[in-house]
Structure formats: structure tokens, C-alpha cells
Amino acid sequence: MSETVTQQIPREPEEKVAGPWREAWTGFRKSKAALFGAVIVLMFVLLAFAGPLIAPEGINEQDMSKRLMAPSAEHWFGTDDFGRDILSRVIHGARISLWVGFFSVIGSVIVGSLLGIIAGYYGRWVDTIISRLFDIMLAFPSILLAIAIVSVLGPSLQNALIAIAVINVPNFGRLIRSRVLSIKQDEYIMAAKGIGMKDTRILFSHILPNSMAPVIVQGTLAVATAILEAAALGFLGLGAQAPAPEWGKMLSDARNYLRDAPWTMIFPGLAIMLTVLGFNLMGDGLRDALDPKMKS
Amino acid sequence: MKKGKLWTLAVLLIVSMVLAACSSGNGNGSEGETEGENAGESSGGSKTLVFGRGGDSVSLDPSRVTDGESMKVAANIFETLINFGEQDTTLQPGLAKEWEASEDGLTYTLQLEEGVKFHDGTDFNAEAVVKNFERWANGDADTFPYYQSMFGGFKGDEGHVIESVTADSDYTVVFQLKRPQAPFLKNLAMTMFGIGSPEAFEADSDGFGENPVGTGPFKFVEWKRNDSITIEKNEEYWKEGLPKLDRVVFRSIPDNGARLNALITGDIDLADGINPSDQATIGDDENLQLFERPSLNIGYLGLTVTREPFGDKLVRQAFNHAIDKQAIIDAFFEGAAEPAKNPIPPSIPAYNDSIEGYEYDPEKAKELLAEAGYPDGFEMELWAMPVPRPYMPDGAKVAEVIQKNLADIGVIAEIVSYEWATYLEKASKGEADAFLLGWTGDNGDADNFIYALLDGDNIGSNNYTYYDNAELHEILIQAQTEVDEDTRNELYAKAQEIIHDDAPWVPLAHSTPLLAGSADITGFKAHPTGSDILSNVDFN
């Protein structure tokens with residue numbers, strides 16, 4: 001008897017785990033918009049990795065004799081007010097923006113999930129404290145909170161990343177908490193509790209994996225927002241510092257030349273727009289694919 | 001259901017229309033006023049000039065402050081005993097119609113204009129002048145900072161230059177000095193020492209900055225903090241036919257781009273602090289004209305000698321070789337500047353043109369760094385000013401060029417910036433490794449640059465580099481008391497050589513600040529000190 005039970009257990013999860021993911025992929029593939037988004041994201045990821053190899057110039061090769069040149073065969077995107085090649089800077093900038101986007105979201109997912117799980121699973125005063133903390137943070141307009149954090153820590157790319165991670169924590173925390181609240185009533189959790197499984201094991205082997213789908217969707221969308229927020233902080237001079245080719249900072253540097261050299265603004269602007277669009281389309285596709293309600 | 005939606009929409013529409021009507025109603029109120037003013041200009045009935053500038057005044061009592069924005073307004077409310085020339089710093093009659101110096105340079109006798117009245121109706125006479133100087137001499141460094149640096153201290157101080165100020169007759173004032181002071185008359189011509197009504201400041205000395213009373217072409221009307229200052233025509237002005245304008249409004253618009261836009265749309269008539277890159281835009285616009293302010297300034301990179309490794313002369317010289325001034329000027333002054341090699345601008349007679357500026361030569365710079373013991377360079381902070389200044393239109397961009405220049409010789413510079421007041425305070429405490437800054441001369445004398453900015457006496461006030469050279473100090477003090485112009489220039493020539501060799505600064509540029517105004521403005525002459533007297537300005 002006991003042997004048959006132990007044999008059945010490993011087989012079952014294999015089917016359960018592989019099934020929904022494959023199903024999601026099929027759903028995702030059906031949406032053209034989502035695929036388009038994924039292609040854009042993939043392209044920027046490639047750019048970020050291969051940047052130094054592809055870019056025709058370095059990020060800070062100033063040449064005053066070539067300043068503010070219009071796009072040409074030599075400089076596809078033109079040059080900025082220091083005579084630097086804008087194409088090269090936009091390519092290098094992909095690395096900065098994606099880096100901030102991914103890592104700030106990973107940071108908020110880890111911290112947010114942890115807090116959310118604890119709040120949802122233990123309830124009572126722990127929940128009250130954590131939830132009120134989230135409410136307080138959500139009461140601030142997010143960019144204002146980010147500005148406040150950066151002004152305390154001092155302006156730099158690193159601190160901008162931390163600030164963006166912090167402001168996104170409550171979004172993930174609340175998401176996970178609500179998932180945990182519903183999952184913890186499910187029979188299999190009751191069963192696990194019933195056989196005396198430890199809290200940590202229940203939390204990390206059962207509840208967490210089953211709450212991941214909405215986090216993935218929210219995470220993809222949050223990367224887009226994080227990139228925008230990083231650009232906003234860069235624009236305000238609170239993010240990446242000179243001479244880093246951060247897109248938002250490039251926009252702000254180009255402000256004075258809007259009339260005479262619009263390309264200094266157009267290309268970094270387009271880069272921001274495209275990445276954000278890519279992540280949003282991809283996130284929407286993922287949501288449709290992963291949402292069990294959409295299937296039925 | 002559909003009907004319900006329609007109704008909701010209709011209600012929303014009505015509500016938003018009502019709200020819109022309210023808000024535009026408010027807008028109309030203020031717009032109506034400005035429209036009225038503008039209409040007045042063209043019809044010639046009431047002529048109002050709106051002068052847009054980068055910041056608000058600190059106080060309208062010019063003796064209490066040192067900032068240019070305060071002087072800009074005060075120069076039109078107060079008059080000085082002696083005036084500067086229209087666009088230079090030559091000495092011209094002001095409230096004193098003539099003056100005479102004794103041969104030993106210790107006694108100055110000034111004959112005053114008769115029949116001049118203060119805005120409050122009291123008489124301007126020798127007694128009033130004496131009371132003004134008594135007020136300043138009995139002050140302290142907190143109340144009258146500029147008096148201290150121009151006249152060497154206050155009553156009872158060792159260095160105080162003025163022995164006494166007395167009224168010989170109703171319209172004759174005699175200044176008795178303890179020791180000769182070469183720039184004495186130029187100092188009297190500085191806007192800081194405009195003569196105020198004794199009755200007004202005796203009644204309320206602290207409140208005088210809010211309610212200034214002088215003899216100038218315009219009277220103070222109203223001050224909305226951080227927004228605007230309004231002054232109006234002094235009908236009793238003693239100069240026949242002046243001023244030509246009825247009203248002047250000084251508006252603060254901090255952003256250079258926004259200020260230019262306000263000029264283009266006609267909200268203001270005259271704008272200070274035009275970006276050099278906008279010259280072409282203004283040139284192309286028929287409704288606008290460009291004004292150049294004669295250059296009397298220096299923009300520099302200060303190296304704080306108390307911070308390692310800038311205590312080493314070789315490092316400072318290396319920096320002078322490393323920075324490509326011409327590239328900076330071409331790019332971010334758009335050519336509206338000339339490269340600097342001395343701490344004073346060439347328009348000052350004491351300028352030492354025989355000094356050879358440091359060549360842009362990164363190789364030489366690397367050698368000097370290696371000689372100083374830093375073959376691989378070092379890391380440092382490079383401070384960039386957060387606001388456009390007349391001597392440097394865009395500090396952040398200039399810093400970025402310097403950052404690259406320094407990277408070429410192996411020095412890693414991190415660009416740092418603070419809010420403007422904090423920036424000045426921290427830099428004055430010697431907290432910056434290297435900082436961008438500049439200076440606009442207030443009286444066109446070399447003393448007002450070299451002594452004020454680089455003498456050991458002024459560490460903590462205007463000498464932010466903490467550079468202190470005993471030999472230089474002796475020369476500067478000697479030059480202050482030397483009355484003979486040629487000997488004096490020789491002393492300053494020597495002083496500039498010492499500074500050149502010690503290199504506490506990288507002198508960057510002497511800029512030509514730009515202003516723009518609507519095409520129908522006549523009679524506006526931008527003064528090199530930045531204090532423009534508007535009595536001759538008119539509309540066509």
C-alpha cells in the first residue's frame with residue numbers, strides 16, 4: 001500500500017506543473033500583440049548584452065567639432081551637444097534601463113512576496129501592521145516617494161534602483177497577500193497542515209508556487225513602469241549621473257536643443273517608448289495566458 | 001440603461017463646463033491686468049516695462065546684500081554719489097556734481113547736487129550723506145557685509161579706511177581717510193552705497209529693505225516675494241525729462257527657456273540670462289532684439305588647496321593643462337566668451353597680457369601628475385553649479401566636458417551638485433575638491449577681483465579655494481594704498497604672475513552675458529556690473 005502511494009506522488013505534480021505552463025505558452029502564442037511585445041523585449045535584451053560589440057562608438061567620446069550633427073550615414077541617430085554618437089549611447093543605455101527595470105522588480109518581488117506571505121498566512125496583528133505599512137506607502141504618489149528616497153540616499157543610479165524597488169513593494173505585497181488568503185483555505189493546504197507540515201514548508205513549497213502566476217504578470221508590467229520611473233528620475237537629475245547614457249538623462253540634456261536638434265530627444269524618447277510598449281504588450285499577453293478565468 | 005448613461009454624461013459635461021468657466025474666470029482677472037499694461041505701452045498712455053530675470057531680490061536695501069538681483073532693482077531706486085559710465089566703470093557725476101582729492105590721497109571733498117529730494121519728500125543734502133555713512137560704519141559684518149570688504153571694517157576696527165565723514169556746508173561733504181585707498185571713488189559708485197533717506201531708515205532700519213526710500217528715477221511700489229517687484233516713475237526726479245517709463249515690473253522666472261518663451265509671447269518686454277544657444281532664434285525673430293552686456297566677469301574652476309591632492313602645485317598646474325577651454329567656450333558659451341588666463345577680465349587696465357596661459361596639453365598634464373606622485377590619477381568630486389549664471393550659462397554641461405578632460409589624464413571625477421544656496425555655503429567652507437564658480441565685478445577694479453577672491457583675508461567669505469600666499473597678500477595690500485595708477489598696475493601684474501604660477505584656479509572664460517528685449521525698446525544699455533539703470537529706456 002504505502003509503496004503505491006509514494007510512487008504516485010512524483011508522477012502527479014509532473015503532469016500538473018507541465019500542463020498549465022504549456023497551456024499558457026499556447027495561449028500566449030495566439031496573441032499577436034503579445035508576441036510582438038516579446039520580440040521588442042528580446043531585441044532590447046540582446047542590445048543590452050551585445051551593446052559594447054554593436055555600438056559604433058563608446059559612450060563618452062566627445063568631439064566638439066561634431067556637435068549636434070543631424071542623422072547621417074556616419075551617425076545614424078546624429079550627435080548630441082558633446083559631439084557623441086547618439087546611436088551608441090542609446091544602445092549602451094539599453095543596458096542601464098533594463099538593468100534597473102529587472103533588478104528593481106526582482107527586489108520588490110522578493111521583499112513584497114515575503115511580506116505578503118507573512119501578512120496573508122499569519123493574519124491578525126502581523127497582517128494589520130504590514131497592510132497598514134503598504135497603505136501608507138501607497139498613499140504617496142509613487143514618483144514623489146522615489147524622489148524622497150533618492151534625496152535621502154543621494155542621487156545615483158544605484159539609489160534610483162533601490163527607490164524604485166521600494167515604491168513597488170506594496171503592489172506585490174498586496175497581490176501575494178490576497179492570493180495567500182484564498183489559497184490557505186484550499187483543501188491541500190488544510191491537508192498539509194493536518195499531517196503536521198511545518199509553516200515554512202507550507203509557505204514555500206505550496207503557497208508560494210501557487211501564487212506565482214499573477215506575480216509574473218504584474219512583474220512584467222512593473223518592469224515597464226520601473227523603466228519609466230528610472231527615466232523620470234534620470235530626467236530630474238536624481239538617477240544616473242553624467243556621463244552615463246541613461247535615456248531619461250539624455251532627454252533632459254537634450255531639452256535645450258528641442259528646437260534646433262530634435263534628434264537628440266527623439267531617439268532616446270523612442271527607445272523608452274518602445275521598451276515600455278514591449279513590456280506592456282508582453283505583460284498583457286501573459287495575463288491573458290495565465291489567468292484561469294480567461295480560459296473558460 | 002442607455003438613457004441613464006446619457007444623463008450621467010450630460011451632468012458630467014455641465015459640471016465640467018461650470019468648473020472650466022470658474023477657472024477661466026480667475027485667469028481672465030489677472031490676464032486682464034497684464035493686457036491693460038501691454039495695451040498702455042503701445043498707446044503711449046502709461047508705459048510699463050516688464051523685466052524678466054532669473055531670481056528674486058534678497059533685500060532692497062543694497063548695503064545689506066551682495067547679490068546681483070538685489071542690485072538690479074536698487075540701482076533704480078537709489079542713486080550713488082558718483083556714477084559709473086553708461087556701459088563702463090569710468091567715474092561720472094552722480095549725486096555729487098564734482099569732487100576733489102587732496103594730494104596725499106587722504107581727503108576727498110564732494111560738491112553735491114542741490115534741490116534733490118528723497119521719495120518721501122525730505123531734502124537730500126550733506127547731512128543725509130553723513131547719516132548714511134554713520135549708519136554703515138556703526139554696523140557689523142552681518143548687517144553690512146559689503147561695507148566691510150570695501151572699506152576694510154567698521155568704526156573702531158584697525159583696517160577701517162574712513163576716519164570721518166563730515167558736512168562742511170549744506171552741500172559739501174568731506175571724507176577723511178586713515179590711509180590712501182586707490183579704488184575709493186569707485187567704491188563710492190557701487191550700487192551698494194546708494195544714499196537712502198535718513199528719515200526712513202532711522203525710523204525702521206531693519207524694515208528699510210522692504211520699504212526703500214532713495215532719490216532715484218523710480219519709486220518703490222510693491223514686492224510680491226518670489227514673483228515680482230514693481231517700481232513707478234518718480235515724478236519729482238531731479239533730472240529733466242527722466243525717467244521715460246511710468247512703471248517697471250521685475251518678474252522672477254528662474255528657467256532660462258521659460259523666460260525666453262515669456263518674452264516671445266509678449267508677457268515680458270526684456271529678459272536677462274539668455275542662453276547663448278538661443279542667439280539664432282532671437283536674431284531670426286523680427287519682434288526681438290539682442291543686447292550684449294559688456295564682459296566684466298570670470299568663470300573658473302576652483303581647486304580647494306586644503307584638500308588632498310590639491311595642496312600640490314603640480315596637480316593644480318596639471319589641471320590647468322588638462323582642460324580644453326576653447327572646446328568649452330565653443331560648445332557651451334556658443335562663442336560668446338573668450339578664454340581666460342588671469343583672474344581678472346581684460347577690460348580692467350591692470351590685466352597682465354604678458355602672461356602665457358596654460359596650453360591645452362593632456363600629455364604635459366599627465367607628466368605633471370606623475371611628477372606629483374599620481375601617475376595613475378586619483379578619484380575626486382567635481383562640483384557643478386545647479387543654476388545658470390551670467391559667467392557660465394550651463395555649469396552641468398561644462399562640468400561634463402571637464403569630467404572627460406580629466407578622465408583623459410586618468411583622474412576619475414564624479415559630478416556633484418547641490419541646491420544653489422547650499423552649494424555656495426558648502427563650497428565656502430572648503431568642502432569641495434574642485435568647484436565651478438565665477439564672479440561679476442562690482443566696480444571694475446582689479447582689487448574687487450584678486451583681493452576679494454584670492455587673498456587670505458577673504459578665506460571663508462569669497463575665497464573658496466582657501467589659497468593663502470603671504471607674498472601675494474603683501475602686494476595686494478600695497479596695491480590698495482597705492483594711488484599712482486601705473487605703480488598700481490605693476491603691482492597687480494606681479495600678483496597675476498604669482499597666481500598664475502600657484503594656479504589655485506583653472507580660469508575658464510570671460511563671458512559676454514546676453515539679454516533680449518522686444519524690438520520697440522529704445523535706450524536700454526546693459527551695464528557690465530549687472531545693475532542696469534532704466535531711466536533712459538523707452539518704447540518706440
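B:Pro243 sits in the loop between strand 9 and strand 10 of chain B. Helices (H or I, at least four residues) and strands (E, at least two) are DSSP runs, numbered from the N terminus. This is a predicted model: local features need pLDDT of at least 70, side-chain atom pairs count only at pLDDT 80 or more, and totals for chains, interfaces and linings use all residues. Residues are numbered from 1 along each chain as its sequence is written, while chains are lettered from A and ligands numbered from 1 in the order in which they are written.

**Backbone details**

- B:Pro309 lies in the loop between strand 13 (297-303) and helix 9 (313-322) of chain B.
- B:Ala503 is not a glycine, yet its phi is positive, near 50°. It belongs to the loop between helix 16 (485-502) and strand 18 (505-511) of chain B.
- Is B:Ala503 buried or exposed? B:Ala503 is buried, because 22 other C-beta atoms lie within 10 Å. The cut-offs are 20 or more other C-beta atoms within 10 Å of its own for buried, 12 or fewer for exposed, and partly exposed in between; C-beta atoms are placed from the backbone.
- A:Arg124 also has a positive phi, about 50°, although it is not a glycine. This residue is in helix 4 (residues 124-139) of chain A. A:Arg124 counts as exposed, because it has 8 C-beta neighbours inside 10 Å.

**Chain A**

- The secondary structure of chain A is 12 helices and zero strands.
- The C-alpha trace of chain A spans about 85 × 40 × 30 Å along its principal axes.
- Chain A has 296 residues, and 42% of them count as buried.
- Contacts with a separation of 6 or more are 71% between residues 24 or more positions apart in chain A. Two residues are in contact if their C-beta atoms, placed from the backbone, lie within 7 Å.
- UniProt (unreviewed entry) places the feature "transmembrane region" at residues 33-55, 96-121, 133-154, 160-176, 221-242 and 262-283 of chain A. UniProt positions are given in the numbering used here, feature names are shortened, and annotations may be inferred rather than shown by experiment.
- Residues 133-154 of chain A are 86% helix and 0% strand, with end C-alpha atoms 24 Å apart.
- Residues 262-283 of chain A are 95% helix and 0% strand, with end C-alpha atoms 31 Å apart.

**Chain B: domains**

- Chain B is assigned domain 1 (79-196), domain 2 (218-294 + 514-539) and domain 3 (297-353 + 360-511). Domain bounds come from an automatic or database domain assignment.
- The centres of domain 1 and domain 3 of chain B, taken over C-alpha atoms, are 32 Å apart. Their contact takes 12 residues from domain 1 of chain B and 11 residues from domain 3 of chain B.
- For "domain: Solute-binding protein family" (unreviewed entry), UniProt lists residues 91-460 of chain B. That span is 28% helix and 22% strand.

**Chain B: sheets**

- An open sheet of six strands, with mixed pairing, has the order 14-18-13-17-15-16. Two strands pair if DSSP finds at least two bridges between them.
- Strand 14 (337-339) and strand 16 (412-416) of chain B stand at the edges. Each has a single partner strand, so one side of each is left without a neighbour in the sheet.
- Strand 15 (residues 379-383) and strand 16 of chain B pair in the parallel sense over five bridges. B:Trp383 has B:Val416 of strand 16 as its bridge partner.
- An open sheet of seven strands in chain B has the order 8-9-10-1-11-19-12, also with mixed pairing. Its edge strands are strand 8 (218-224) and strand 12 (288-292) of chain B.
- Strand 1 (residues 48-53) and strand 11 (residues 270-271) of chain B pair in the parallel sense over two bridges. B:Gly52 has B:Ala271 as its bridge partner in strand 11.

**Where the chains meet**

- In the contact between the chains, 14 residues of chain B touch 11 residues of chain A.
- Helix 10 (325-332), helix 12 (395-408) and strand 16 of chain B each give two or more residues to this side. Helix 12 of chain B has the largest share, five residues.
- By class, the chain B side has four nonpolar, five polar and five charged residues. Ala, Val, Leu, Ile, Met, Phe, Trp, Tyr, Cys and Pro count as nonpolar, Asp, Glu, Lys and Arg as charged, and the others, Gly among them, as polar.
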